[in-house]
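Hi there,

Here is the structure I promised to pass on. Have a look at it first, and then read my notes below with the model open beside them.

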Amino acid sequence: MSFITVKHLWKEYGDQVILENLNLTVQQGEFCSLVGASGCGKSTFLKLLLGQEQPSRGTLNLNGQPLPGEPDRNRGIVFQRYSVFPHLSVRQNVLMGLELEQRPLLGKLFGRARREALAQVDAMLEAVGLDGAANKWPHELSGGMQQRLAIAQSFLMRPRVLLLDEPFGALDPGIRNDMHQLLLKLWRETGTTIFMVTHDLHEGFQLGTRLLVFDKVRRDPHDPQAYGATITYDLPIGQADGQLVQDITEQVRSTARHQAA
Ligand SMILES: Nc1ncnc2c1ncn2[C@@H]1O[C@H](COP(=O)(O)OP(=O)(O)OP(=O)(O)O)[C@@H](O)[C@H]1O
């Protein structure tokens with residue numbers, strides 16, 4: 001049985017069709033990169049996987065059961081920005097997840113439980129290269145360090161599914177490669193199933209195990225909202241030849257031009 005099964009999934013907001021007839025099966029531990037023109041419903045798809053939005057039609061199953069309709073600890077998410085608590089230190093930011101999980105009402109751990117949690121936190125901070133910044137505040141960190149912190153927070157909770165919405169979109173190209181290596185390392189160590197939205201087509205073609213291209217195949221010039229996007233390409237990473245890369249890039253850009261018109 002597949003880990004995640006999406007069948008005939010539609011998402012509409014009022015008259016606007018966002019996603020139409022998505023079908024997809026994903027095995028546990030896959031790392032899917034999602035690309036597509038702006039407005040093609042990639043973030044909406046992540047929200048459906050998170051349980052923050054519900055399908056208008058169709059089904060989304062996890063291990064054969066409907067995905068819980070509300071976010072839970074099995075699903076983590078990292079956004080391009082603002083995934084961390086600004087009023088907590090780096091160490092407290094990462095600790096907070098464990099405290100809320102183990103003491104949901106009080107939100108605080110004491111004694112041995114706290115010491116054990118802090119040992120996990122410190123090991124994770126070391127894994128993401130933030131051990132030297134444990135006592136800093138988020139505003140004292142560079143953008144790359146903030147994303148390392150957000151990634152540390154997410155992985156520490158060991159979600160079964162991790163959703164990344166343009167996690168490196170605000171970072172300088174120079175440090176993206178380091179972030180890719182970090183993400184791949186944590187993914188391999190944890191076996192988490194990852195869905196990552198990226199605007200960077202090059203990143204999408206390179207990172208992970210599978211590329212999913214979201215695009216609109218139907219278009220009504222008189223009613224731009226009538227049709228939604230679907231998955232037009234579903235390829236193993238590294239398998240697309242130069243011509244296919246060029247075709248996909250051109251199609252995504254063409255849809256982006258139509259969306260902007
Ligand atoms: N809660 C909502 N209510 C109404 N419309 C929404 C809502 N959320 C998203 N949309 C619309 O759904 C469409 C798809 O948005 P979405 O953010 O999923 O696209 P995207 O492919 O992730 O775009 P981008 O790459 O620019 O982030 C957009 O037209 C957006 O305005």
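Let's start with the ligand: which helix gives the most residues to the shell around it? That is helix H1 (residues 42-50), with three residues. The residues around the ligand are Tyr 13, Ile 18, Gly 36, Ser 38, Gly 39, Cys 40, Gly 41, Lys 42, Ser 43 and Thr 44. Sorted by class, this shell holds three nonpolar, six polar and one charged residues. Please keep in mind as you look around that this is a predicted model.

Strand S1 (residues 4-13) and strand S4 (residues 57-62) run antiparallel and are joined by five bridges. To find the pairing on your screen, look for Thr 5, which stands opposite Asn 61 in S4, and for Trp 10, whose bridge partner in S4 is Arg 57. On the S5 side, S4 pairs with strand S5 (residues 65-66) in the antiparallel sense over two bridges. The hairpin of S4 and S5 has two residues between the strands, and in it Asn 63 takes a positive phi near 50°.

Some other strands are worth a visit too. How do strand S3 (residues 31-36) and strand S9 (residues 210-215) run, parallel or antiparallel? They run parallel, and five bridges join them. Val 35 stands opposite Val 213 in S9. S9 is also joined to strand S10 (residues 230-236), by six bridges, and these two run antiparallel. In that pair, Arg 210 is found opposite Pro 236 in S10.

Finally, the helices. The axes of helix H2 (residues 90-102) and H3 come within 9 Å and cross at roughly 130°. H2 and H3 are therefore oblique to each other, and their crossing is right-handed. On the H2 side the contact is made by Val 90, Arg 91, Val 94, Leu 95, Leu 98 and Gln 102, and on the H3 side by Ala 113, Ala 117, Leu 118, Gln 120, Val 121, Met 124 and Leu 125. By class, the contact of H2 with H3 has ten nonpolar, two polar and one charged residues.

Helix H3 (residues 111-127) meets helix H4 (residues 143-156) as well: their axes come within 10 Å and cross at roughly 135°. That angle makes H3 oblique to H4, and H3 passes H4 in a right-handed crossing. Gln 120, Val 121, Met 124 and Leu 125 of H3 make this contact with Ala 152, Phe 155 and Leu 156 of H4. Which classes do the residues of the contact of H3 with H4 divide into? Six are nonpolar, one is polar and none is charged.

Enjoy exploring, and write back with any questions.

Best wishes

How values were computed
Residues numbered from 1 in each chain as written. Predicted model: local features only at pLDDT ≥ 70, side-chain atom pairs only at ≥ 80, totals over all residues. Axes fitted to C-alpha atoms, helices over the stretch in contact; angles between N-to-C directions. Helix = DSSP H or I, 4+ residues; strand = E, 2+ residues; numbered from the N terminus. Parallel < 35°, antiparallel > 145°, perpendicular 65-115°, else oblique. Left-handed = near helix turned anticlockwise from the far one by under 90°. Contact = placed C-beta atoms within 7 Å. Nonpolar A, V, L, I, M, F, W, Y, C, P; charged D, E, K, R; others polar. Near = placed C-beta within 6 Å. Pairing = 2+ DSSP bridges.
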